[in-house]
Amino acid sequence: MKIDAEVRTGQIADHDLYLDLLKRCLTGYLYPDSSNQEVHPDRSMRLSRRIILTALIKRGYKIFRTKPFNPEARALGQDWPSIGYSMAGLRRLDNLQFCVASVLSENVPGDLLEAGVWRGGSCIFMRAILKLHNITDRTVWVADSFQGLPAPTLEADKDYDLSGFSQLAVSQAEVEDAFRRFDLLDSQVRFLKGWFRDSLPSAPVSRLAVLRMDGDLYESTMDILNALYHKVSTGGYIIVDDYHLLPPCKQAVSDFRSRTGITDPIQEIDGTGVFWKKSD
Ligand SMILES: C[S@@+](CC[C@H](N)C(=O)[O-])C[C@H]1O[C@@H](n2cnc3c(N)ncnc32)[C@H](O)[C@@H]1O
(Lines give C-alpha, C1' and ligand atoms only; values in the text may rest on other atoms or scores of the structure.)
Protein backbone atom coordinates (compact mmCIF):
# COMPACT_ATOMS: atom_id res chain seq x y z
CA MET A 1 0.00 0.00 0.00
CA LYS A 2 1.18 3.52 -0.86
CA ILE A 3 0.99 4.63 2.76
CA ASP A 4 3.37 1.83 3.90
CA ALA A 5 6.00 2.98 1.38
CA GLU A 6 5.65 6.58 2.55
CA VAL A 7 6.02 5.58 6.20
CA ARG A 8 9.24 3.72 5.33
CA THR A 9 10.68 6.74 3.55
CA GLY A 10 9.57 9.07 6.36
CA GLN A 11 7.55 11.23 3.95
CA ILE A 12 4.23 10.87 5.62
CA ALA A 13 2.45 13.50 7.70
CA ASP A 14 0.65 12.74 10.96
CA HIS A 15 -2.72 13.61 9.47
CA ASP A 16 -2.24 11.07 6.66
CA LEU A 17 -1.50 8.43 9.29
CA TYR A 18 -4.67 9.42 11.19
CA LEU A 19 -6.83 9.26 8.06
CA ASP A 20 -5.31 5.97 6.97
CA LEU A 21 -5.97 4.41 10.38
CA LEU A 22 -9.49 5.84 10.35
CA LYS A 23 -10.23 4.27 6.95
CA ARG A 24 -8.99 0.87 8.13
CA CYS A 25 -11.07 1.15 11.29
CA LEU A 26 -14.25 2.50 9.62
CA THR A 27 -14.27 -0.25 6.99
CA GLY A 28 -13.47 -2.99 9.52
CA TYR A 29 -10.26 -3.72 7.60
CA LEU A 30 -8.42 -3.81 10.93
CA TYR A 31 -10.66 -6.60 12.18
CA PRO A 32 -10.56 -9.88 10.22
CA ASP A 33 -13.45 -11.17 12.39
CA SER A 34 -15.61 -8.53 10.75
CA SER A 35 -16.17 -10.93 7.82
CA ASN A 36 -18.12 -13.28 10.04
CA GLN A 37 -21.82 -13.04 9.33
CA GLU A 38 -24.40 -12.70 12.03
CA VAL A 39 -27.06 -15.39 11.79
CA HIS A 40 -30.70 -14.44 12.35
CA PRO A 41 -33.54 -16.95 12.60
CA ASP A 42 -35.52 -17.01 9.36
CA ARG A 43 -38.31 -19.05 7.80
CA SER A 44 -35.96 -21.03 5.51
CA MET A 45 -34.45 -22.74 8.61
CA ARG A 46 -35.63 -25.97 10.19
CA LEU A 47 -38.08 -25.19 13.02
CA SER A 48 -35.82 -26.77 15.67
CA ARG A 49 -32.88 -24.58 14.58
CA ARG A 50 -35.08 -21.49 14.58
CA ILE A 51 -36.30 -22.23 18.10
CA ILE A 52 -32.75 -22.73 19.44
CA LEU A 53 -31.45 -19.56 17.74
CA THR A 54 -34.39 -17.49 18.96
CA ALA A 55 -33.89 -18.73 22.52
CA LEU A 56 -30.16 -17.94 22.46
CA ILE A 57 -30.69 -14.48 20.96
CA LYS A 58 -33.32 -13.72 23.63
CA ARG A 59 -30.69 -14.54 26.26
CA GLY A 60 -28.35 -11.96 24.72
CA TYR A 61 -26.20 -14.24 22.54
CA LYS A 62 -25.10 -13.20 19.05
CA ILE A 63 -24.47 -16.07 16.63
CA PHE A 64 -21.96 -15.65 13.79
CA ARG A 65 -21.17 -17.88 10.82
CA THR A 66 -17.38 -18.00 10.32
CA LYS A 67 -16.20 -16.52 7.02
CA PRO A 68 -12.57 -16.03 6.02
CA PHE A 69 -11.49 -12.39 5.76
CA ASN A 70 -10.74 -11.30 2.20
CA PRO A 71 -8.64 -8.12 2.34
CA GLU A 72 -9.08 -7.43 -1.37
CA ALA A 73 -12.87 -7.63 -1.17
CA ARG A 74 -12.83 -5.30 1.84
CA ALA A 75 -10.56 -2.81 0.09
CA LEU A 76 -13.03 -2.81 -2.82
CA GLY A 77 -16.12 -2.60 -0.58
CA GLN A 78 -17.49 -5.92 -1.82
CA ASP A 79 -18.66 -7.30 1.52
CA TRP A 80 -20.62 -5.94 4.47
CA PRO A 81 -18.47 -5.71 7.58
CA SER A 82 -20.08 -7.07 10.76
CA ILE A 83 -17.73 -4.81 12.74
CA GLY A 84 -17.09 -1.46 11.11
CA TYR A 85 -18.95 1.68 10.21
CA SER A 86 -18.92 1.76 6.40
CA MET A 87 -19.36 -0.83 3.68
CA ALA A 88 -17.75 1.46 1.08
CA GLY A 89 -14.32 -0.17 1.41
CA LEU A 90 -10.89 1.48 1.44
CA ARG A 91 -10.77 2.61 -2.20
CA ARG A 92 -14.09 4.47 -2.07
CA LEU A 93 -13.02 6.18 1.15
CA ASP A 94 -9.77 7.15 -0.65
CA ASN A 95 -11.98 8.68 -3.34
CA LEU A 96 -14.05 10.54 -0.73
CA GLN A 97 -10.83 11.87 0.80
CA PHE A 98 -9.67 13.02 -2.65
CA CYS A 99 -12.97 14.83 -3.36
CA VAL A 100 -13.13 16.56 0.04
CA ALA A 101 -9.44 17.54 -0.09
CA SER A 102 -9.92 18.94 -3.62
CA VAL A 103 -12.89 21.15 -2.73
CA LEU A 104 -11.03 22.44 0.32
CA SER A 105 -7.85 23.25 -1.59
CA GLU A 106 -9.80 24.80 -4.49
CA ASN A 107 -12.13 26.73 -2.15
CA VAL A 108 -15.24 25.27 -3.75
CA PRO A 109 -18.06 26.56 -1.53
CA GLY A 110 -20.56 24.32 0.22
CA ASP A 111 -21.22 21.57 2.70
CA LEU A 112 -20.63 17.82 2.45
CA LEU A 113 -23.60 15.46 2.31
CA GLU A 114 -24.09 11.73 2.13
CA ALA A 115 -27.56 10.38 1.33
CA GLY A 116 -27.72 6.74 2.42
CA VAL A 117 -25.35 6.44 5.37
CA TRP A 118 -25.98 3.03 7.04
CA ARG A 119 -23.75 3.14 10.18
CA GLY A 120 -22.41 6.58 9.26
CA GLY A 121 -18.78 5.69 8.46
CA SER A 122 -18.40 7.86 5.34
CA CYS A 123 -19.89 10.86 7.16
CA ILE A 124 -17.64 10.28 10.18
CA PHE A 125 -14.72 10.28 7.76
CA MET A 126 -15.81 13.59 6.17
CA ARG A 127 -16.18 15.22 9.59
CA ALA A 128 -12.68 14.01 10.51
CA ILE A 129 -11.21 15.63 7.39
CA LEU A 130 -12.89 18.97 8.19
CA LYS A 131 -11.56 18.79 11.74
CA LEU A 132 -8.02 18.06 10.57
CA HIS A 133 -8.12 21.17 8.40
CA ASN A 134 -9.72 23.31 11.16
CA ILE A 135 -12.71 24.02 8.92
CA THR A 136 -15.54 25.42 11.02
CA ASP A 137 -17.86 26.88 8.36
CA ARG A 138 -18.90 23.68 6.59
CA THR A 139 -21.46 21.13 7.74
CA VAL A 140 -21.59 17.37 7.23
CA TRP A 141 -25.19 16.40 6.43
CA VAL A 142 -26.20 12.84 7.29
CA ALA A 143 -29.33 11.86 5.33
CA ASP A 144 -31.12 8.55 5.81
CA SER A 145 -34.44 7.01 6.74
CA PHE A 146 -32.56 5.41 9.66
CA GLN A 147 -34.91 2.46 9.12
CA GLY A 148 -33.47 0.85 5.99
CA LEU A 149 -34.64 0.97 2.39
CA PRO A 150 -38.19 1.65 1.26
CA ALA A 151 -40.12 -1.13 -0.50
CA PRO A 152 -39.82 -0.63 -4.26
CA THR A 153 -42.62 1.38 -5.84
CA LEU A 154 -41.17 1.77 -9.34
CA GLU A 155 -40.90 -0.81 -12.11
CA ALA A 156 -37.14 -0.12 -12.32
CA ASP A 157 -36.66 -1.25 -8.70
CA LYS A 158 -38.99 -4.25 -8.67
CA ASP A 159 -36.18 -6.87 -8.56
CA TYR A 160 -34.33 -5.04 -5.82
CA ASP A 161 -36.50 -5.25 -2.74
CA LEU A 162 -34.01 -4.65 0.09
CA SER A 163 -36.66 -3.36 2.49
CA GLY A 164 -36.59 -6.57 4.55
CA PHE A 165 -32.83 -6.39 5.24
CA SER A 166 -32.72 -5.59 8.95
CA GLN A 167 -28.92 -5.15 8.74
CA LEU A 168 -29.53 -2.03 6.63
CA ALA A 169 -31.80 -0.44 9.24
CA VAL A 170 -29.54 1.54 11.57
CA SER A 171 -31.18 4.11 13.84
CA GLN A 172 -30.13 7.75 14.11
CA ALA A 173 -29.20 7.12 17.75
CA GLU A 174 -26.76 4.37 16.69
CA VAL A 175 -25.17 6.64 14.08
CA GLU A 176 -24.87 9.48 16.62
CA ASP A 177 -23.21 7.04 19.05
CA ALA A 178 -20.75 6.05 16.34
CA PHE A 179 -19.80 9.72 15.76
CA ARG A 180 -19.38 10.12 19.54
CA ARG A 181 -16.99 7.17 19.75
CA PHE A 182 -14.67 9.01 17.36
CA ASP A 183 -15.19 12.27 19.27
CA LEU A 184 -16.64 13.79 16.10
CA LEU A 185 -20.26 14.60 17.00
CA ASP A 186 -20.83 18.35 17.22
CA SER A 187 -22.88 21.16 15.69
CA GLN A 188 -21.14 20.71 12.32
CA VAL A 189 -22.93 17.37 11.94
CA ARG A 190 -26.63 17.62 11.05
CA PHE A 191 -29.10 14.83 10.46
CA LEU A 192 -31.83 14.69 7.79
CA LYS A 193 -34.15 11.91 8.86
CA GLY A 194 -36.83 10.44 6.61
CA TRP A 195 -37.40 9.01 3.14
CA PHE A 196 -35.40 11.08 0.66
CA ARG A 197 -38.58 12.05 -1.20
CA ASP A 198 -39.85 13.76 2.00
CA SER A 199 -36.67 14.95 3.73
CA LEU A 200 -34.48 16.26 0.91
CA PRO A 201 -36.63 18.71 -1.11
CA SER A 202 -37.17 20.91 1.98
CA ALA A 203 -33.79 20.27 3.66
CA PRO A 204 -32.14 23.46 4.97
CA VAL A 205 -29.04 22.83 2.83
CA SER A 206 -28.09 25.85 0.76
CA ARG A 207 -24.97 24.75 -1.07
CA LEU A 208 -22.95 21.55 -1.42
CA ALA A 209 -19.34 20.95 -2.39
CA VAL A 210 -19.58 17.13 -2.19
CA LEU A 211 -22.72 15.06 -2.72
CA ARG A 212 -22.22 11.34 -2.02
CA MET A 213 -25.13 9.13 -3.05
CA ASP A 214 -25.62 5.62 -1.69
CA GLY A 215 -29.35 4.90 -1.82
CA ASP A 216 -29.10 1.79 -4.04
CA LEU A 217 -32.49 2.09 -5.77
CA TYR A 218 -33.62 4.02 -8.87
CA GLU A 219 -36.17 5.92 -6.78
CA SER A 220 -33.72 6.79 -4.01
CA THR A 221 -31.00 7.93 -6.44
CA MET A 222 -33.44 9.99 -8.51
CA ASP A 223 -34.95 11.60 -5.38
CA ILE A 224 -31.46 12.65 -4.26
CA LEU A 225 -30.51 14.07 -7.66
CA ASN A 226 -33.82 15.91 -8.14
CA ALA A 227 -33.59 17.52 -4.69
CA LEU A 228 -29.89 18.31 -4.44
CA TYR A 229 -27.99 18.29 -7.73
CA HIS A 230 -28.70 21.97 -8.45
CA LYS A 231 -27.24 22.85 -5.03
CA VAL A 232 -23.81 21.40 -5.90
CA SER A 233 -21.31 24.20 -6.61
CA THR A 234 -19.35 24.40 -9.82
CA GLY A 235 -16.13 22.47 -9.15
CA GLY A 236 -17.91 20.24 -6.61
CA TYR A 237 -18.17 16.46 -6.80
CA ILE A 238 -21.01 13.99 -7.20
CA ILE A 239 -20.15 10.45 -6.05
CA VAL A 240 -22.31 7.42 -6.86
CA ASP A 241 -21.44 4.48 -4.64
CA ASP A 242 -23.07 1.47 -6.31
CA TYR A 243 -23.15 2.63 -9.94
CA HIS A 244 -21.79 -0.60 -11.47
CA LEU A 245 -23.29 -2.97 -8.88
CA LEU A 246 -26.93 -1.91 -9.00
CA PRO A 247 -28.49 -1.38 -12.45
CA PRO A 248 -31.41 0.72 -11.09
CA CYS A 249 -28.96 3.18 -9.55
CA LYS A 250 -26.99 3.42 -12.81
CA GLN A 251 -30.22 3.90 -14.77
CA ALA A 252 -31.33 6.77 -12.53
CA VAL A 253 -27.97 8.52 -12.95
CA SER A 254 -28.08 8.04 -16.69
CA ASP A 255 -31.71 9.27 -16.98
CA PHE A 256 -30.98 12.32 -14.83
CA ARG A 257 -27.82 13.20 -16.76
CA SER A 258 -29.60 12.93 -20.15
CA ARG A 259 -32.64 14.88 -18.97
CA THR A 260 -30.55 17.73 -17.57
CA GLY A 261 -27.83 17.67 -20.25
CA ILE A 262 -24.89 16.79 -17.99
CA THR A 263 -21.84 15.80 -20.02
CA ASP A 264 -19.15 15.95 -17.32
CA PRO A 265 -17.14 12.75 -17.73
CA ILE A 266 -17.91 9.92 -15.33
CA GLN A 267 -14.73 8.71 -13.64
CA GLU A 268 -14.15 5.23 -12.24
CA ILE A 269 -13.22 4.59 -8.61
CA ASP A 270 -12.87 0.87 -7.93
CA GLY A 271 -15.01 -1.01 -10.42
CA THR A 272 -18.19 -0.31 -8.40
CA GLY A 273 -18.37 3.40 -7.56
CA VAL A 274 -18.00 6.39 -9.90
CA PHE A 275 -17.85 10.16 -9.57
CA TRP A 276 -17.80 13.33 -11.61
CA LYS A 277 -16.75 16.92 -11.13
CA LYS A 278 -19.46 19.46 -11.86
CA SER A 279 -18.32 21.90 -14.50
CA ASP A 280 -21.20 24.39 -14.51
C1 LIG B 1 -25.92 0.69 1.19
S2 LIG B 1 -26.46 1.54 2.59
C3 LIG B 1 -25.34 2.91 2.69
C4 LIG B 1 -23.91 2.54 3.01
C5 LIG B 1 -23.06 3.70 3.51
N6 LIG B 1 -23.00 4.78 2.56
C7 LIG B 1 -21.66 3.27 3.88
O8 LIG B 1 -20.69 4.00 3.58
O9 LIG B 1 -21.52 2.23 4.53
C10 LIG B 1 -27.94 2.29 1.98
C11 LIG B 1 -28.59 3.26 2.95
O12 LIG B 1 -29.54 4.05 2.21
C13 LIG B 1 -30.68 4.27 3.00
N14 LIG B 1 -31.78 4.55 2.03
C15 LIG B 1 -31.96 3.97 0.81
N16 LIG B 1 -32.99 4.52 0.17
C17 LIG B 1 -33.49 5.48 0.98
C18 LIG B 1 -34.56 6.43 0.85
N19 LIG B 1 -35.33 6.47 -0.24
N20 LIG B 1 -34.77 7.30 1.85
C21 LIG B 1 -33.99 7.27 2.97
N22 LIG B 1 -32.95 6.40 3.16
C23 LIG B 1 -32.70 5.51 2.17
C24 LIG B 1 -30.84 3.02 3.83
O25 LIG B 1 -31.53 3.26 5.03
C26 LIG B 1 -29.36 2.62 4.09
O27 LIG B 1 -28.89 3.16 5.31
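Helices and strands here are DSSP runs, numbered from the N terminus. The model shown in these views is predicted.

View 1. The loop holding asparagine 134 runs between H6 and strand S4 (140–144). The phi of asparagine 134 is positive, about 55°, although the residue is not a glycine. Most residues other than glycine have a negative phi. Is asparagine 134 buried or exposed? Asparagine 134 counts as exposed, because it has 6 C-beta neighbours inside 10 Å, and the limit for exposed is 12 or fewer.

**View 2. Aspartate 216 also has a positive phi.** Its value is about 70°, and aspartate 216 is not a glycine. Aspartate 216 lies in the loop that links strand S6 (208–213) to helix H9 (218–228). Aspartate 216 is buried: 20 other C-beta atoms lie within 10 Å. The cut-off for buried is 20 or more.

**View 3. The largest nonpolar core has 65 residues.** Which of them touch the most other members? They are Ile124, Phe125, Met126, Val142, Ala143, Val210 and Val240. Helix H6 (residues 121–132) gives the most to this core, with seven residues. Isoleucine 124 has contacts that include Leu26, Tyr85 and Ala178. Phe179, Phe182 and Leu184 are also among the residues that isoleucine 124 touches. Residues up to four places away in sequence are not counted.

**View 4. The ligand is surrounded by 24 residues.** The closest are Gly116, Trp118, Ser145, Asp214 and Ser220. H6 and H9 are the elements that give two or more residues to this shell. By type, the shell residues divide into 10 nonpolar, eight polar and six charged.

**View 5. Seven strands form an open sheet.** The order is S5-S4-S3-S6-S7-S9-S8, and the pairing is mixed. Strand S5 (189–193) and strand S8 (267–268) stand at the edges. Each has a single partner strand, so one side of each is left without a neighbour in the sheet. S8 pairs with strand S9 (residues 274–277) in the antiparallel sense, over two bridges. The bridge partner of glutamate 268 is valine 274, in S9. Strands of a sheet pair through backbone hydrogen bonds.

**View 6. Helix H3 lies largely in the open.** H3 covers residues 47–58. Of its 12 residues, the number buried is zero, so the helix is largely in the open.

Technical notes:
Residues are numbered from 1 along each chain as its sequence is written. This is a predicted model: local features need pLDDT of at least 70, side-chain atom pairs count only at pLDDT 80 or more; totals for chains, interfaces and linings use all residues. Helices (H or I, at least four residues) and strands (E, at least two) are DSSP runs, numbered from the N terminus. The expected span of a helix is 1.5 Å times one less than its number of residues. A nonpolar core is a set of buried Ala, Val, Leu, Ile, Met, Phe, Trp, Tyr and Cys residues joined through C-beta atoms within 7 Å. Two residues are in contact if their C-beta atoms, placed from the backbone, lie within 7 Å. A residue is near a molecule or strand if its C-beta atom, placed from the backbone, lies within 6 Å of it. Ala, Val, Leu, Ile, Met, Phe, Trp, Tyr, Cys and Pro count as nonpolar, Asp, Glu, Lys and Arg as charged, and the others, Gly among them, as polar. Two strands pair if DSSP finds at least two bridges between them.
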